[in-house]
Amino acid sequence: FGSSFFFRARFSATRVLPRFGTAGVPLRYTMALRNLTTKTQAGLAVVENIADARPSFQDWLAFQLAYEQRARSLRLSQGKRSNPFKLAHVKIVALPPALPNQEVRVQCQLVPLRRGLLRLQSVAVARPDPFGLFRAFVEVRLPQSVLILPKRYPLPLVALPGTMKYQQGGVALASNVGQSDEFVALRDYRQGDPLRHIHWRSWARAGKPVVKEFEDEFFVRHALVLDTFTKHSQSEAFEEAASIAASFACTIQTQESLLDLLFIGSQSYCFTAGRGVAHGEQLLEILASVRPSPRGAFDKLEHLVLNHVGKVSGCILVLLAWDKQRRELVQSVRALGVPMLVLVVVEPGREKPPLLGPGEGRTERFVVLECGKIEQGLAQLK
């Protein structure tokens, strides 16, 4: 410990981070450190310092109560309990000898554990004492961040519900309000045509009003509904639900179809990808930042879905429970004749809910997914 007071080296550092990472997948990047002293520095190691991940007392208490409800009181050993608030596993990397005023490069690695923005605050350069019992640190401030995308599961070839459906106005209505911008041809003016569709050059050439004609199209459009209403912000079921939604978002082929992501955050959101409107990667970025919503406002999600479901060929619902409100939502969508795939995510050890009642199950398919067994559950979709 006394030898640590004699470690007065100075360094500067830079990182070359990728744009995105994925939860549970090693994130590799390059770091360059420059020795700013006049002496050769050898036997050093570098450690990343991540932003403080300690939760608020309310978040910690909510998780603690949820964990105690799942734990078996008479079990002698609960096994090793993981820290749900830890953001990443950081690997200590040894540095090659750094000559005076010279730069060394190393390949660093960390494993992000949760989706969202991972903030790196600083780099700690460590030197062990002569006996290898204690390390002294020199901190180099280097704030940076990288967006961690949700974990994705492999999905089998899923026959999604619904078929091609007439979309008034064509593809442009996926992102704009108004008629399609898919130009087809010119034709003579008919009473009732909007003035903004008049083709003035053709009118001047032909001596009579000529308008542009646009195309209405038939194509497949699916709604991917994510339930964000849960008791606490660190819900394992919610994180798994976001991963399931991300798995569908990056698996569904959107070259010839549209995928609408619907959820409730600070307000109602609907994001569309496919057919040149946006890419599935953009949906993954959105899902990386989705946060739970407080319980008690589920009617907002029901209102959003019912207002939108008339435009889609089929609906995929990822739910966090199976209660009266969610059952009524499914019944309302069924009444509109829209095929559904309903996925209900439950906490580990919880009793699986009885999903189907009398007369149900004709236009929808139900699958219960238990946390910790999500991949096996998704394999049932074959």
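Mentor: Ile316 stands opposite Leu341, a residue of strand E17. This is a predicted model, in which local features need pLDDT of at least 70 and side-chain atom pairs count only at pLDDT 80 or more, while totals for chains, interfaces and linings use all residues. Residues are numbered from 1 along each chain as its sequence is written, and side-chain values use heavy atoms, with hydrogens and water left out. Helices (H or I, at least four residues) and strands (E, at least two) are DSSP runs, numbered from the N terminus.

Strand E16, residues 314-319, pairs with E17, residues 340-346, in the parallel sense over 5 bridges; two strands pair if DSSP finds at least two bridges between them. E16 is mostly covered, with 6 of its 6 residues buried, where buried means under 20% relative accessible area, exposed means over 50%, and partly exposed lies in between (1.4 Å probe, protein chains only). Gly314, Ile316 and Val318 point one way from E16, whereas Cys315, Leu317 and Leu319 point the other way, and all are buried.

E16, helix H6 (residues 324-335) and E17 make a right-handed β-α-β unit; right-handed here means that, with the strands pointing away from the viewer, the path from the first strand over the helix to the second runs clockwise.

H6 also has a helix beside it. Two packed helices are described by the angle between their axes and the distance between the axes. Helix H5 (residues 298-308) packs with H6 at an angle of about 10°, and their axes are 11 Å apart; the axes are lines fitted to C-alpha atoms, for helices over the stretch in contact, and angles run from 0 to 180 degrees between N-to-C directions. That angle makes H5 roughly parallel to H6, since angles under 35 degrees count as roughly parallel, over 145 as roughly antiparallel, 65 to 115 as roughly perpendicular and the rest as oblique. On the H5 side the contact is made by Phe298, Glu302, Val305 and Leu306, and on the H6 side by Gln325, Arg326, Glu328, Leu329, Ser332 and Val333, contact meaning heavy atoms within 4.5 Å. The residues of this contact of H5 with H6 divide into 5 nonpolar, 2 polar and 3 charged; Ala, Val, Leu, Ile, Met, Phe, Trp, Tyr, Cys and Pro count as nonpolar, Asp, Glu, Lys and Arg as charged, and the others, Gly among them, as polar.

Ile244 is found in helix H3, residues 236-251, and is buried, with a relative accessible area of 0%. Leaving aside its neighbours within four places in sequence, Ile244 is in contact with Val318, Leu343, Val345, Leu369, Ile374 and Leu378. Ile244 and Ile374 are 130 residues apart in sequence and yet 8.4 Å apart in space, C-alpha to C-alpha.

H3 and helix H4 pack at an angle of about 170°, with their axes 9 Å apart, and that makes H3 roughly antiparallel to H4. Here Ala242, Ala245, Ala246, Ala249 and Cys250 in H3 meet Gly280, Leu283, Leu284 and Leu287 in H4. The residues of the contact of H3 with H4 divide into 8 nonpolar, 1 polar and no charged.

H4 in turn brings us to a sheet. An open sheet of 5 strands has the order E2-E9-E8-E4-E6, with mixed pairing. Strand E2 (20-22) and E6 stand at its edges, each with a single partner strand, so one side of each is left without a neighbour in the sheet. H4 (residues 280-288) packs on this sheet, touching E2, E8 and strand E9 (135-149), and its direction makes about 125° with that of E9. Within the sheet, strand E4 (residues 45-50) and strand E8 (residues 116-128) run antiparallel and are joined by 6 bridges, with Val46 having Val125 as its bridge partner in E8.

As a setting for all this, the protein chain has 7 helices and 18 strands, and of its 382 residues 46% count as buried. Among contacts in the chain between residues at least 6 apart in sequence, 73% join residues at least 24 apart.
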